[in-house]
Amino acid sequence: MKNTIYREEFSAAGISSNTIKSALDCCLIRLCRGVYSVIRDCRVKDHSRIAALISDVDWISFHVDKSQSDLKHDFRYQTQLRALRIRSYRWYRPEDVIVGKSAAVLHGIPLYKDTSKAITVRHPRSNSHTKEIIRVRGEVPAEDQVRFGQLTATSAVRTALDLIRISGQREAFAAMEWVLRRTTAAQFHGFNPKFGYTEKFQAEARRIVATAFYPAVARMRSGQVTAQRMVDAIDPFSESPAESNCRFNLIALNLMGFEQQIEVRDGKGFIARVDFLNEQARTILAVDGSEKYALVGPSLIRREGEQHNRLLSMGYKVIHLSFDDVLRLNDFRDKIFTQVPELKQLVGRPDE
């Protein structure tokens with residue numbers, strides 16, 4: 001997978017340490033101690049034996065025409081590399097449990113601009129700290145452990161809860177909603193969000209919260225009050241981390257009355273399923289991202305322009321929010337209250 005090669009395989013193929021070292025600026029990357037990945041079908045004569053070890057052609061094709069700078073700033077690519085490092089690391093101890101951001105990477109939980117490099121694990125009796133692995137003494141309840149092949153990690157639910165302490169409430173909230181949504185969707189064969197959400201979908205999400213999230217909170221040794229409050233607030237309807245950040249802001253501002261993934265229709269029929277709708281304020285929050293336009297091209301922009309005009313003709317005010325807008329609470333608050341000042345009247349008090 002991903003042309004992962006161990007040092008012993010190089011030796012068996014007659015590839016010297018000097019050749020490996022020269023290839024690191026050319027066709028090879030180092031994942032961790034003694035583990036490498038071949039990323040290019042190199043034509044350099046001295047590297048021909050390395051090219052002979054290629055088994056994943058798609059991985060080679062991905063790297064064609066991509067510079068080191070391109071790859072360095074490609075968040076998804078860097079996450080893939082982290083997952084490869086974690087899976088291919090060879091010096092785990094028998095009772096190690098992968099935790100924290102390392103476990104999040106294994107589960108595919110989105111992390112915002114994560115730059116951590118060392119693998120984090122818990123072990124019942126050992127502490128150690130190197131550039132490649134941070135081992136902290138501590139127990140992980142068996143109920144909160146899952147297997148990834150030969151590796152053991154915290155469950156997706158427990159990992160998301162642990163992020164409260166590690167990354168803060170905002171990122172943890174997005175992670176918790178991502179886990180809840182993915183777990184819920186897995187219960188519905190062929191689930192496709194473009195067809196909307198049924199009452200059964202929401203009921204299943206609440207069942208998962210009750211049977212998976214609440215017990216995991218109860219097993220936490222600290223931070224249970226905050227975790228319980230956050231679990232009470234999560235829903236499975238955020239279709240991206242940006243939408244979860246938007247929900248987080250609405251909750252933080254105690255801004256009442258917004259519902260997610262609501263279908264809007266006029267006399268001509270269906271217009272759109274909007275991200276957030278406050279019917280009382282006739283306000284729609286559209287959590288945008290240039291990425292979706294890049295994926296589908298100008299036709300979607302034109303179609304959404306038509307939708308926008310139909311929504312305006314119905315008296316709705318549409319606030320478009322970028323990821324940067326929802327990432328910081330003050331920016332979010334200033335933007336929505338500036339564009340729709342009457343939203344301030346819907347801010348509830350905690351005792352209401």
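Trainee: Which residues count as being in contact with Met-176, leaving aside its neighbours within four places in sequence?

Mentor: Contact means heavy atoms within 4.5 Å. By that rule, and with those neighbours left out, Met-176 is in contact with Ala-160, Leu-161, Ile-164, Phe-213, Ala-227, Met-230, Val-231 and Ile-234. This is a predicted model: local features need pLDDT of at least 70, side-chain atom pairs count only at pLDDT 80 or more, and totals for chains, interfaces and linings use all residues. Residues are numbered from 1 along each chain as its sequence is written, and side-chain values use heavy atoms, with hydrogens and water left out.

Trainee: Which residues touch the most other members of the largest nonpolar core?

Mentor: A nonpolar core is a set of buried Ala, Val, Leu, Ile, Met, Phe, Trp, Tyr and Cys residues joined through side-chain atoms within 4.5 Å. The largest has 51 residues, and Tyr-92, Ile-98, Leu-161, Met-176 and Phe-213 touch the most other members. A second, separate core has 19 residues, among them Leu-253, Phe-276, Leu-321 and Leu-343.

Trainee: Why is Cys-246 called buried?

Mentor: Buried means under 20% relative accessible area (exposed is over 50%, partly exposed in between; 1.4 Å probe, protein chains only). Cys-246 has 0% relative accessibility, so Cys-246 counts as buried. Cys-42 has a relative accessible area of 10%, so Cys-42 is buried too.

Trainee: What makes Ser-88 buried?

Mentor: Its relative accessibility is 4%, so Ser-88 counts as buried. Ser-88 lies in helix H6 (residues 75–88); helices (H or I, at least four residues) and strands (E, at least two) are DSSP runs, numbered from the N terminus. Apart from neighbours within four places in sequence, Ser-88 is in contact with Thr-4, Tyr-6, Leu-31, Cys-32 and Val-35.

Trainee: What makes E10 and E13 edge strands?

Mentor: Two strands pair if DSSP finds at least two bridges between them. The open sheet has four strands in the order E10-E11-E12-E13, with mixed pairing. Strand E10 (259–266) and strand E13 (317–321) each pair on one side only, and these are the edge strands. E10 runs antiparallel to strand E11 (residues 269–278), joined by seven bridges. Opposite Arg-273 in E11 stands Glu-263.
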